[in-house]
Structure formats: structure tokens, C-alpha cells
Amino acid sequence: MILQTDATLLKAMADAAEAAFPAECCGLIIGRGKGQLVRVTRLVPATNLLAETGDRFELDPAVRLKVERDLRETGTKDRIIGHYHSHTDGTADPSATDRAMAFEPDLAWIIVGVVDGQAVQTLAHRLDEKHGNFRPVQIRTPKPIVKNSACAEPSLSA
Ligand SMILES: [Zn+2]
């Protein structure tokens, strides 16, 4: 799996992680695409039912049920492709708790590492069911189409 996502959506996850600090944030990732390349289309922030623990998360299942129902009813090609949460110790790798809680190999996990309220890194992972651990998932951010004059190629005639 390769995740393609706009920089604005990555920033939205980082912002949510910083806003939730010192608790963990969490939410669902909606996207579409078949095969290897999956495009993130939007995020749905969810309540972290374990927010008061500080270093755990449990995504409110009611949010997931509602999103699944909404997607089904609108007949869109979008689906839940994964979820995101934050770590308050700065790591963006799955914790021992994450490994213990993971059971859906189809879902991408995006983790935002936060240190002192600042998002420092964002990594994506997916459960390798066969080996019972996580494997890295590449995040691709398409380059903006808008031309920026500050990035203009230097003139050859100079
Ligand atoms: Zn975690």
C-alpha cells in the first residue's frame, strides 16, 4: 500500500495531534483506490475514549459506525482506509499497545509523534497479519500544481 495524501491533510493530523496534547488524538482516514495506491480524500476526527490515560487511544466506535453507514448510503467509492492517532512521546512507530490492539490488516495506521505539544514526525504503517507486526507504508504528497515564482528556474542568459 502507498498512501497518497495532500499536504493539507497531513497538516490537519499534525494540528489535531498538537491540539490534543498531552492526550492522544485519533480519527478515521477516508480514501479511495484499488490495489497498491490509495488516495486519502478526507479525515474524520473522532473522540478518543481513553483520552484521560494520556498514552492510549480508543476510537469511539459510534463514529466509525456512523461513517460506514454514511458512506454506504451515499454510494461513494470512498471507504475507511485507516485511522490516525498521536503519540505523546514523539515516536511515530506503533507501540506495544498498538501491536496488541491491531487486528485489521486492510487498515493503514498513521501515527503522529508529538514532543512538548509539537508534532515532530508522521509515519504510516500496516499490520502484517502473517508476522503479527507492522510494516511501514509510504506516504506520498503530490507536488502542488500552482507555480511559485520563488521556485522559478534560474535564467540561463545571465
Ligand atoms: Zn499508538
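The model is predicted: local features need pLDDT of at least 70, side-chain atom pairs count only at pLDDT 80 or more, and totals for chains, interfaces and linings use all residues. Residues are numbered from 1 along each chain as its sequence is written.

**Exercise 1.** Determine whether L28 is buried or exposed.

*Solution.* Next, apply the rule: a residue is buried if 20 or more other C-beta atoms, placed from the backbone, lie within 10 Å of its own, exposed if 12 or fewer, and partly exposed in between. L28 is buried because it has 20 C-beta neighbours inside 10 Å.

**Exercise 2.** State in which sense β2 and β3 run.

*Solution.* Strands pair if DSSP finds at least two bridges between them. Seven bridges join β2 to β3, and the two run antiparallel. Within this pairing, C26 stands opposite A46 in β3. The hairpin of β2 and β3 has four residues between the strands, and G33 there takes a positive phi near 130 degrees.

**Exercise 3.** Identify which strand pairs with β1 in the parallel sense.

*Solution.* Strand β1 (residues 2–4) pairs with strand β3 (residues 37–46) in the parallel sense, over three bridges. As a check on the partners, L3 has V38 in β3 as its bridge partner.
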